[in-house]
Amino acid sequence: MNKRRVVITGLGVLAPNGNSVSDYWDSLISGRSGINHITYFDTENLNVKIAGELSNFNPEDHFDRKEIRKLDPFTIYHLVSSKEAISNSGLNEDKLDLNRVGVMIGSGVGGIQTLEDQHETYSSRGQRRVSPFFVPRMIANIAAGNLAIKYGFKGPNQTIISACASGTDAIGLASRVIQYGDADVMITGGTEASITGLTISGFANIKALSTQNENPKTASKPFDAMRDGFVLGEGSASIVLEELSHAKKRNANILAELVGYGSTDDAFHITQPSAGGEGAIRAMRNAISDANLSIENIDYINAHGTSTPFNDRTESTAISSLFGSHAKKLKVSSTKSMIGHALGASGALEAVACILALQNNILPPTINYKNPDSECELDYVPNNSQEFETNVAMSNSFGFGGHNGVILMKKWDGEKN
């Protein structure tokens, strides 16, 4: 079967350092961090007091209060970023075959804010006070379901849960739906709203989070020798994928082409990557093979780059092992240095950064890179964005449970592609 080609025609973003695509990109290339002290709840009894919260975001600017009561923040974020992506794409529901438009979203946690709030209500006030909206606010698939209901999208609709690889896997699998012919348009990406006391406590107790509370904006420092853990983030990124002839027929503005996807599992450990990044290597190799490219074609990698000692070292080793001498020519950066780790949304936010890098030939930096680590020896685009001719970008995501997801995006150059 000849694979149908998949292009990207719309983007939408809610991130700690920008509540739109343009604001997000401006912040990334300016090296502007969205990490700060937590305001959502009292952190007095927590040893981690920092996170990448959304800034100046008010749900009431987008929904009335009655609607908000029915929606967990992770769904609100998804609906807002998807509205921007759909508008950006120029899609018109009145001119679409809605049976051929689907949704595939990644979320690692789903409606945990609702779960925590309603558990507290149940514990203190009993069954009768639990909201009838509890279940349809909390379940992880409900963001995708709500989007389909809002716009009438009747094509395939799934939610992908593969921990921190969820957003990347959602994008990759959504492209397969189009390639296989089950849809012509897919709204994909990832969403997460998991900055809660319970979530912070859980990650803190496995020593995964940075405790550099005094200087929030410098706490996330991927690949730096002084890194001590990741900073929890949140947000949503939505991407409109479209079959090439469908996009051309409506004269869509094509932003990039999605050319490759690779997915593997380490089958090794629930939280640690396999030795030498063996699973990550296979996922990157599979994505390159799927795109019919060679390792020399890759110009830029948006790394998983969490700022944990083990992950950054293992990912660097995996890249060096796979790319060999070409690794010295690669540009690698981690935008988590500016927004933290948004779990299931992270891969989607990073995919948007890759697409914008392809369009603008500018690479977002890894900020807070001051102390080189002898075990991390790649070019991490330190501290400042760089102008760089970029034709193919790779986005890596690796998650608890050994999940590895990698996607490849290629610059769109019209009929030359």
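Mentor: Helix 11 contributes the most to the lining of the largest pocket, namely five residues. Keep in mind that the model is predicted. Helix 11 runs over 309-323, and it is joined by helix 10 (278-290) and strand 13 (392-399) as the elements that give two or more residues to this lining. In total, 35 residues line the largest pocket. Those nearest its centre are Thr271, Pro273, Thr308, Asn311 and Phe400. Sorted by class, the lining holds 17 polar, 13 nonpolar and five charged residues. The volume of the largest pocket comes to about 530 Å³.

Ser325 counts as exposed because its relative accessibility is 63%, and the cut-off for exposed is over 50%. Between Ser325 and Asn36 there are 289 residues in sequence, and their C-alpha atoms are 39 Å apart in space.

Now take the second largest pocket, which has a volume of about 290 Å³. Its lining is made of 17 residues, and Tyr40, Pro73, Tyr77, Gln113 and Ile195 are the ones nearest the centre. Two helices each supply at least two residues here, helix 3 (73-89) and helix 4 (112-125). Helix 4 has the largest share, with three residues. By class, eight residues of this lining are nonpolar, five are polar and four are charged.

How many disulfides does a search of the whole structure find? The search finds zero. Cys164 is in no disulfide, and the nearest cysteine sulfur to its own belongs to Cys354. For comparison, a disulfide calls for a pair of cysteine sulfur atoms within 2.5 Å. Are these cysteines buried or exposed? Cys164 is buried, with a relative accessible area of 11%. Cys354 is also buried, at 0% relative accessibility. Both are classed this way because buried means under 20% relative accessible area.

Technical notes
Residues are numbered from 1 along each chain as its sequence is written. This is a predicted model: local features need pLDDT of at least 70, side-chain atom pairs count only at pLDDT 80 or more; totals for chains, interfaces and linings use all residues. Side-chain values use heavy atoms; hydrogens and water are left out. On a 1 Å grid over the protein atoms alone, a cavity is a set of points where a 1.4 Å probe fits but cannot get out, and a pocket is an open set with protein on both sides within 12 Å along at least five of seven lines; lining residues have an atom within 4 Å of a point. Grid points are joined across faces, edges and corners, and a volume is the space filled by probe spheres set on the points. Helices (H or I, at least four residues) and strands (E, at least two) are DSSP runs, numbered from the N terminus. Ala, Val, Leu, Ile, Met, Phe, Trp, Tyr, Cys and Pro count as nonpolar, Asp, Glu, Lys and Arg as charged, and the others, Gly among them, as polar. Buried means under 20% relative accessible area, exposed over 50%, partly exposed in between (1.4 Å probe, protein chains only).
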